[in-house]
Amino acid sequence: MRGNLQAFFKTIIVQMKLSIARPMFQFVIWISPFFYATITYFVYGGQSPEKIFHYVVLGSGFMGLWTSIVYSSASDINRERFYGTLENIFDAPVSFAYIIMGKIVGNTIWGFISMLLSFLYLRFVFNLEYPIVNPLLIGSAFLVVVIAISVFAFVMALVFTLSKQAEVLMNFIEYPIFLICGFLFPITILPTWLQPISAILPPTWAIELLRVVTNNASTSAQIVQAILVLIGITVIYVVIAFVAYGAVDRKARMDGKLGVY
Amino acid sequence: MESMKRFFRHAVLSYKALFGMLDPKAYILVMLLNPLTQMIFFAMLVNYVYEGVGLEGYVASNALLLCVMSSVFGMMTVVMSDRGMGTLQIVMASPVNKGVLFFARSVPHIVNGAFTAFLGLVFGVLIFGVSIPVESLLPLLCIWMISIFSACGLGLILGSCSFWTPSMHLLSNILASALLLLSGANYSLSVMPSWLSDLAKFFPLTRGVELTKAIVNEGDTSQFVRLMSEELLLGCIYFAISIVVIRYAEYLARVKGTMEMS
């Protein structure tokens, strides 16, 4: 257990260094937040400050976070396969799950840095006003969001472990999540058949939690409800992750095609 | 006549080489479904924010923007795919005219960009229930072909950078994002600071988006000749620059020995 945890924390540091060395990831972290924020601000420019905060500041920040996950956590498995190291880390004495989770947490930290950059850019370049919120509350909300997004990314990474089309899928899942999870508009405007899909995806509830927490009109009951919903859906994804991990582990060993690119 | 045949034969072959090895579902996901979800996302956004005002123009403009997948990322592969396969030195050492060769490789991407854009328009019409006047289809076709030609010219300038640098994903994503930002597909150019809207005039697709909105929303073709002449001129300048840049890049790659760098 101690060895696994040590590997987990070491992986976070190594992954953060490796990820940011890639030019594409540099674009995702240092540049894309400015494009997302600017485009969204131009679209929402004439709207109320509350809408601008919820959809421009939080929405574009979340777009940056999601993009960082798509081009890192979801694709790291494929990258290891390409380097020829996937089988090595899969069969290493340290659990594969700890390695993957370490990679995901490392990438998610970068994602939050890009989100922070977006917040600062909009605050100081476009002079947007941000609501004053309880630091403990927003800190707790962000912690729950980090865990929820990391668990979701873990499930995706497992799916991508088995797919030979991981790179194609990686390029495909960016905009559908922006759309379905309501990053830039409420999910109530989506077609009714699409809304149940939104409801089962953690990013939908993660951004909703941040919107509720940063809304001064929110009641305590609404905040507690938003936190509980996100924790609840995260627990469900943890169960899915455990089951899927076992299935992936078995299938990879039986098929023996893990490293086939 | 033989040289024309060779030109088109090379265009078709290079395109087949690029996508022939892929699974059809990879092509559908990357070149069709991915751009379509982008179009639906932005159309949903502007429909919500502007409460349906001018939706037809925004749907059509976002459909035009789908050509970025071909004109930036596709054009990038015109040079980069050879480098990846280790055949770039052979291509560059061949006696063929490089300008003609790379332009031939660009043609399928121009056609593919137009195909994706029109498919986006069809999906936009079906999903959002907007109507595009039949009489505006021919001007739209003309505007889009010229705009995509121009965008591919800029894409080829970018593609020539792959002689120097392996960071093409960084550069191509910056260009694709810049086109989305500067084209004004999702807002009026008047919301931008003046220096940014002035900068937008030097980029492709800005005029195409402006005309698309004017024709689809108001049936206004009064600016057609002026804006399309400017866009065509811009495209020709881009292609001329790209040929010069490719020659210079080839020279640098020979001198620095970076042609096989990956």
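Tutor: The secondary structure of chain B consists of 11 helices and 0 strands, where helices (H or I, at least four residues) and strands (E, at least two) are DSSP runs numbered from the N terminus. This is a predicted model, in which local features need pLDDT of at least 70, side-chain atom pairs count only at pLDDT 80 or more, and totals for chains, interfaces and linings use all residues. Residues are numbered from 1 along each chain as its sequence is written, chains are lettered from A and ligands numbered from 1 in the order in which they are written, and side-chain values use heavy atoms, leaving out hydrogens and water.

Followed along the sequence, chain B has the pattern α-α-α-α-α-α-α-α-α-α-α. Its radius of gyration is 19 Å, close to the 18 Å that the globule rule gives for 262 residues, so chain B is as compact as a globular protein of that length. The radius is taken over C-alpha atoms, and the rule is 2.2 Å times the number of residues to the power 0.38. Along the principal axes, the C-alpha atoms of chain B fill a box of roughly 55 × 40 × 40 Å.

Of the 262 residues in chain B, 58% are buried (under 20% relative accessible area, with a 1.4 Å probe and protein chains only). Among the contacts in chain B (heavy atoms within 4.5 Å) with a separation of 6 or more, 79% come from residues 24 or more positions apart.

Methods:
Buried < 20%, exposed > 50% of the residue type's maximum accessible area, 1.4 Å probe, protein only.
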